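Please keep the viewer open as you read.

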Amino acid sequence: MNAVIADRELEAKHRALWALGDYSAIAAHIVAPLGSILVDACGIGPADRVLDVAAGTGNVAIPAAATGARVTASDLCPELVEQGRRLAAERGVTLDWEEANAEALPFGDNEFDVVVSCIGVMFAPHHQQSADELVRVTRPGGRIGLISWTPEGFIGRLFATMKPYVPAPPPGVSPPPLWGDEEHLCSLLADRVGDVVARRRTLAVDMFDDGAAFRDYFKANYGPTISAYRAIEGDADRVAALDADIAALGDRYLTGSSMEWEYLLTVARKR
């Protein structure tokens with residue numbers, strides 16, 4: 001197959017993936033605290049021109065704009081862009097929204113003071129291509145801020161749990177949680193950045209009573225989990241096995257009524 005056609009088909013699949021379920025509910029009820037954490041870590045303020053890559057519904061873009069910064073939020077999925085635009089309006093925050101592929105950003109070289117992505121760019125299929133774009137659109141001396149789930153943390157283990165049930169990815173596509181591995185991330189950014197600070201932290205999630213409750217919530221709302229079940233639709237035994245595996249994973253990570261989801265917070269400065 002022609003490489004351009006293959007890339008377009010992969011892009012379309014990813015766009016459709018994140019339109020499944022209700023990611024806005026996950027953004028609002030689970031991962032919302034991460035947005036302000038990244039804004040603070042990057043020191044975003046009124047003097048900054050900011051780009052949020054793979055912004056989803058604006059978890060970082062909206063609190064960044066609330067500081068007075070000039071913010072552009074971009075995402076591949078038009079449904080998320082529209083939801084984010086409505087949410088920003090409801091909160092009385094002004095920013096620009098663009099439908100854009102993280103692997104081919106429609107912005108100029110050195111255009112932004114701060115480029116951020118919170119559990120977003122990690123899901124673009126070609127890691128090096130996406131990392132190159134983050135660096136390209138950041139001005140020299142500007143900051144790049146990232147939050148990514150780690151391979152060893154809960155969401156990283158969720159993807160490992162679902163892997164046997166889904167088709168193998170196309171050649172050149174890397175697992176999303178690798179963005180949460182310090183060595184992998186440093187290899188992507190290489191010597192184009194300096195002053196790199198990378199810290200592992202955890203997000204406390206206390207909305208699930210047991211692993212089955214987590215499974216059912218993600219089965220209904222999270223695009224990658226919905227897609228995994230669609231891949232085995234009609235095979236009752238495999239569906240039951242995946243049900244059991246995800247519930248067991250959730251139970252392993254529960255302590256009382258709380259789960260700790262590990263992520264890597266990274267801030268670097270473009271040379």
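Two residues are in contact when they have heavy atoms within 4.5 Å. The model you are looking at is predicted. In it, Ile 30 touches Ala 25, Leu 203, Val 205, Met 207, Phe 208, Tyr 217, Phe 218 and Trp 261, leaving aside residues up to four places away in sequence.

Ile 30 also belongs to the largest nonpolar core, a set of 88 residues. Together with Trp 149, Phe 218 and Trp 261, Ile 30 touches the most other members. Strand β8 (residues 258-270) gives the most to this core, namely 7 residues.

The largest pocket has a volume of about 1200 Å³. Its lining counts 37 residues, and closest to the centre are His 14, Val 166, Pro 167, Pro 169 and Val 173. Helix α1 (3-17) is one of the elements giving two or more residues, along with α7 (154-162) and α10 (223-231). The share from α1 is the highest, at 8 residues. By class, the lining holds 27 nonpolar, 5 polar and 5 charged residues.

The second largest pocket holds about 570 Å³ of space. Among its 36 lining residues, Ala 54, Leu 76, Ala 102, Gly 120 and Ala 124 are the closest to its centre. Here too α1 gives the most, with 6 residues. This lining divides into 20 nonpolar, 10 polar and 6 charged residues.

## The cysteines

How many disulfides does a search of the whole structure find? The count is 0. For Cys 42, the nearest cysteine sulfur is that of Cys 118, 10 Å away. Cys 42 is buried, at 4% relative accessible area.

Cys 186 is partly exposed, at 45% relative accessibility.

Technical notes. Residues numbered from 1 in each chain as written. Predicted model: local features only at pLDDT ≥ 70, side-chain atom pairs only at ≥ 80, totals over all residues. Heavy atoms only, no water. Disulfide = S-S within 2.5 Å. Buried < 20%, exposed > 50% of the residue type's maximum accessible area, 1.4 Å probe, protein only. Core = buried A, V, L, I, M, F, W, Y, C linked by side-chain atoms within 4.5 Å. Helix = DSSP H or I, 4+ residues; strand = E, 2+ residues; numbered from the N terminus. 1 Å grid on protein atoms, 1.4 Å probe; cavity = no way out; pocket = protein on both sides within 12 Å on 5 of 7 lines; lining within 4 Å. Points joined across faces, edges and corners; volume = space filled by probe spheres on them. Nonpolar A, V, L, I, M, F, W, Y, C, P; charged D, E, K, R; others polar.
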